[in-house]
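Subject: Structure for you to look at

Hello,

Here is the structure I said I would pass on. Please open it and keep it in view while you read the notes below.

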Amino acid sequence: MTSPSQSSSTGPRHLRVTAILIAATTAAALLAGCSDSSSSDSDPLKPAAPPASDTGKGKAPQSGTVVVGSNNFAESVLLMDLYGEALKAKGVTVQYKPNIGTREITYGLVKNGSVTVLPEFNGSLLSYLDKTATPTTPEAATAAIEAKLDPALTMLDPAPAEDKDSLTVNKETAAKYHLTSQSTIADLAKYGSDIVVGGSPEFQTREQGLVGLKSQYGLNPKSFKPLDAGGPLTVQALKSNSVQAADVFTTDASITREHFVTLQDPKKLFGIANVQPMVSKTALSPEAVAAINAVSAKLDTKSLLDMDAQVQNDKKDPLDVATAWLKSVGLG
């Protein structure tokens, strides 16, 4: 895994979709047109099969309709539903275009006006636009993105919620060393000689990995175990306690399911990856912009992790999960 500010085959879910899936999803998106969202498969890399929309499956959006899209993974579909349903609550006519594909596809669709609103991740989007940029705050990321963004596009407010690399410990380790979700990586560092850290092979040699953990936090683990990039091997290794800490994405549903504890990263070793909508600059009314920004203002990492867990662990419909959360925060 890499920081969300880097583009790599081992990067975050929103950067890692196979070529086969890209081709299949592109074809499906071109054939399906705009459709409403319903349930999606729990596999974040498997396209959903949404039912026919009451706004017209396969039809071009009517004038004044806001088209909200998503990339082809479960969390992006959930975010699409959050922003779309908040717009509907304000009387905006919305069509959904879920599971479009990768950033290479979705960026072009927002640019040409086929999609009006796309939930993005600022560090990853910036990496797509400028691989040399290394912002450490959402404000810096937004400024850097806007400097590279197509003139037809703009970014709305970033949410506090982030989906990025982290150092996460299993429940046994958390209990043994009295670590909570408020503990930092530095709190684990003092027990480093007893800790085996797991991650992708690249994690061992990168600054945003074991190198930075040592230099910035003084964490010198007992050993390193090469695994996959936050996937099933990593989760299983944490569950079996063959590693005590590993690189896991901050909104991965396994954190909730397995009672893992993600450690705070106050030095921003893993960069930033805030949820941040990218929109067509002239297609939204001030009221629509305000509705989208209101969602982002309320959406933190804990809330997004909880909703991801409901969709992926409990197999709930993302539209139902999104609607319930919006109501709970007064936006539904």
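Predicted model: local features only at pLDDT ≥ 70, side-chain atom pairs only at ≥ 80, totals over all residues.

Five strands form an open sheet, and their order across it is E7-E6-E8-E5-E9. The pairing in this sheet is mixed. Strands of a sheet pair through backbone hydrogen bonds, and they can do so in a parallel or an antiparallel way. The edge strands are E7 and E9 (261-262), each of which pairs on one side only.

Look next at strand E6 (residues 196-199) and strand E7 (residues 223-226). They run parallel and are joined by four bridges. Within this pair, Gly 198 stands opposite Lys 225 of E7, and Gly 199 stands opposite Pro 226 of E7. How does the chain get from E6 to E7? It passes through helix H8 (residues 207-217), which makes a β-α-β crossover that is right-handed.

The helices to find are H2 (residues 74-89) and H13 (residues 318-328), together with H12 (residues 301-312).

H2 with H13: the angle is about 50 degrees and the axes are 9 Å apart. The two helices are therefore oblique to each other. Their crossing is right-handed. On the H2 side the contact is made by Val 77, Leu 78, Asp 81, Leu 82, Glu 85 and Ala 86. H13 contributes Pro 318, Leu 319, Val 321, Ala 322, Thr 323, Trp 325 and Leu 326. By class, this contact of H2 with H13 has ten nonpolar residues, one polar and two charged.

H2 with H12: here the axes come within 10 Å and cross at roughly 115 degrees, so H2 and H12 are roughly perpendicular to each other. This crossing is also right-handed. Ala 74, Glu 75, Leu 78, Leu 79 and Leu 82 of H2 meet Leu 304, Met 307, Asp 308, Val 311 and Gln 312 of H12. The contact of H2 with H12 divides into seven nonpolar, one polar and two charged residues.

H12 with H13: these two pack at about 145 degrees, with 9 Å between their axes, and the crossing of H12 and H13 is right-handed. Ser 303, Met 307, Gln 310 and Val 311 of H12 make the contact with Pro 318, Val 321 and Trp 325 of H13. How many charged residues does the contact of H12 with H13 have? There are no charged residues in it, and the rest are five nonpolar and two polar.

Leu 78 of H2 is listed in the contact with H13 and in the one with H12. Met 307 of H12 meets H2 and is also part of the contact with H13.

Regards

Key. Residues numbered from 1 in each chain as written. Heavy atoms only, no water. Axes fitted to C-alpha atoms, helices over the stretch in contact; angles between N-to-C directions. Parallel < 35°, antiparallel > 145°, perpendicular 65-115°, else oblique. Left-handed = near helix turned anticlockwise from the far one by under 90°. Contact = heavy atoms within 4.5 Å. Nonpolar A, V, L, I, M, F, W, Y, C, P; charged D, E, K, R; others polar. Pairing = 2+ DSSP bridges. Right-handed = clockwise from strand over helix to strand, strands pointing away.
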